[in-house]
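Colleague: I have the chain open on my screen. Please show me how to read its features, one at a time.

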Amino acid sequence: MYNLQKEQFQQLANFDNYPCISIFMPTNRAGKDVLGEKDRIQLKSLWKKATEKLETKNIDAKKIKEFNASIEEVLKDHDFWRHQQGGLVIFVANDFFKKIVAPIDFEPQAFVSDQFYVKPLLRLLGSNNEFYLLALQIENVRFFKADQHSINEIEIDELTPSRLEERVGFDYEARTRMRQKLSGGKAIMQGDDAANKDRKNEILRYFNAVDAGLQTFLHDEKIPLVVECQDYLFPIYKEANSYQYLYPEVMSGNPQDFENIFKLRESASQLLEPYFNKEQKDKMVQYEELVPERKSADIQEILPAIFEGRVDTLFLIENEDIWGNYNENMASVEVDKTRNSGNRSLLNLAAVKTISQNGSVYLLKSEEMPVRNSEIVAIFRY
C-alpha cells in the first residue's frame with residue numbers, strides 16, 4: 001500500500017527550484033501491455049513533451065541532458081516496469097528526482113513550472129482509508145491490512161489458532177457431524193438448547209483466542225476492523241472482540257469467498273464507504289446549509305480568502321483545472337482560457353496553500369461537486 005503522508009506532500013508542494021518537471025501516467029500491472037513495454041513507450045512520449053517545454057523556456061541544454069539521464073535510468077530498468085501498481089508519478093528538478101509507484105491510475109500529463117504539480121496526489125494523501133480485514137471461518141482464519149486501492153495479508157499463524165479444533169480439541173469434528181445429523185445437516189446452531197449452548201461456547205473460546213492473538217497488531221491502532229464471516233458467527237465474534245474499532249456490520253461470506261482477496265477488499269471497501277465518506281458528506285451538507293457569506297464557488301473570491309487563512313474546506317474537480325496567475329500583493333486573480341508557458345494551475349496553488357493551513361481538500365468527479373459546473377468550491381472559516 002502507498003499512502004502519501006502530509007509531510008511528504010508538503011515537501012513536494014513547497015519545492016521551488018525552477019524548473020520543476022512533473023509527470024503523471026497510468027501503468028499496467030500485468031499482461032501483454034507489460035510485455036510489450038507500453039508503459040516505457042508512454043513515459044518516453046511524456047518526457048519528449050516535457051523536454052520540448054523546457055526548450056521553449058530556454059532551459060540550458062546541459063541541464064536538460066542531466067534531467068534526461070535520470071529518466072533514462074528509469075526507462076532502462078526492466079524489472080521496475082514489471083512491478084507496477086496502476087500509476088506512476090515522476091518529479092524532476094535540479095539535484096532532485098523522485099518516482100512514486102501508486103495503486104491508482106492517472107491521466108497522462110507532463111508539467112513544467114516553478115513548482116511541482118501535486119493536485120493529482122490528493123487521491124493518495126493520508127491514510128484515512130486504511131482498514132483491517134478479518135476473514136473468519138471455523139476451519140480457517142486470514143488477516144489483512146488494506147485500503148481502497150490495495151490489500152496485503154498479515155501472517156498470524158503463530159499468534160492465533162487457524163481452526164477451531166486447535167482451541168477446543170479434535171473431537172469437535174465428530175461432535176459437529178452428530179449435531180448436523182440431528183439438525184438435518186444444517187451448519188447452523190439449532191436443535192436442543194444444551195447442544196447449542198455448548199457449540200456456542202466452543203466457538204466463543206476459539207474467537208477469544210483469535211482476538212487475543214490479533215491484539216499484537218491492533219492494540220495501538222485506530223482504524224476499522226471489518227469481519228467477513230457467515231452471519232451466525234458474527235454475534236459470537238462481537239462477544240469475543242476487544243478491539244474498540246470493530247466495524248458494527250458484518251461482511252457476509254462463505255468459505256469460497258476467501259480465495260479472491262481482491263474481491264474481499266472491494267467488498268470491504270464498499271461496506272466501509274459510508275464510514276470513510278462521512279466527513280466529506282458532512283462538509284457537503286454544511287455547504288448547503290451555510291449562508292452565502294460563508295461559502296463560494298468563485299475562484300476570484302476563493303484564492304484571496306485562502307491566502308488570508310479563511311478557507312476551511314476546498315472541493316476541487318478531479319481531471320480539470322483552471323490556469324492563470326495570482327498576485328498575492330494585489331490579491332488579484334487572472335484566469336486564462338488555456339494553459340500556456342506563462343501561467344500556472346490555480347487549483348494546484350489553492351490545494352497546496354489550503355493544506356499548509358490545516359484545511360481539508362477533497363478531489364471530486366464533476367458530478368460529485370457541491371456546485372455543478374464548478375471547478376472549485378470553498379467553505380470559509382469566517
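Colleague: Which order do the four strands of the open sheet have?

Modeller: First, remember that this is a predicted model. The order is β3-β2-β1-β4, and the pairing is antiparallel. The edges are β3 (96-102) and β4 (109-113), each of which pairs on one side only. On average, neighbouring strands of this sheet are turned by 10 degrees against each other, direction ignored.

Colleague: How many bridges pair β1 with β4?

Modeller: Five, in the antiparallel sense, with β1 covering residues 20-26. Take Ile23 as an example: its bridge partner in β4 is Ala110.

Colleague: Which strands does helix α3 touch?

Modeller: Helix α3 (residues 38-56) packs on the sheet and touches β1, β2 (87-93) and β4. Its direction makes about 155 degrees with that of β1.

Colleague: Now a hairpin. How many residues lie between β12 and β13?

Modeller: Four. Look at Ala331 in this hairpin: it takes a positive phi near 50 degrees. The strands themselves, β12 (residues 323-327) and β13 (residues 332-336), run antiparallel and are joined by five bridges. One of the pairs to find is Trp323 with Asp336, its bridge partner in β13.

Colleague: On to helix α11. Which of its residues are buried?

Modeller: Read burial from relative accessible area: under 20% is buried. In α11 (residues 299-307), that holds for Ile299, Ile302, Leu303, Pro304, Ala305 and Ile306.

Colleague: What covers them?

Modeller: The cover includes strands β10 (295-296), β11 (311-317), β12, β13 and β16 (376-380). Helix α12 (346-356) is also part of it.

Colleague: Which residues is Asp211 in contact with, leaving aside neighbours within four places in sequence?

Modeller: Tyr237, Ala240, Asn241, Ser242 and Tyr243. Select them on your screen together with Asp211.

Definitions and conventions:
Residues numbered from 1 in each chain as written. Predicted model: local features only at pLDDT ≥ 70, side-chain atom pairs only at ≥ 80, totals over all residues. Heavy atoms only, no water. Pairing = 2+ DSSP bridges. Helix = DSSP H or I, 4+ residues; strand = E, 2+ residues; numbered from the N terminus. Contact = heavy atoms within 4.5 Å. Axes fitted to C-alpha atoms, helices over the stretch in contact; angles between N-to-C directions. Buried < 20%, exposed > 50% of the residue type's maximum accessible area, 1.4 Å probe, protein only.
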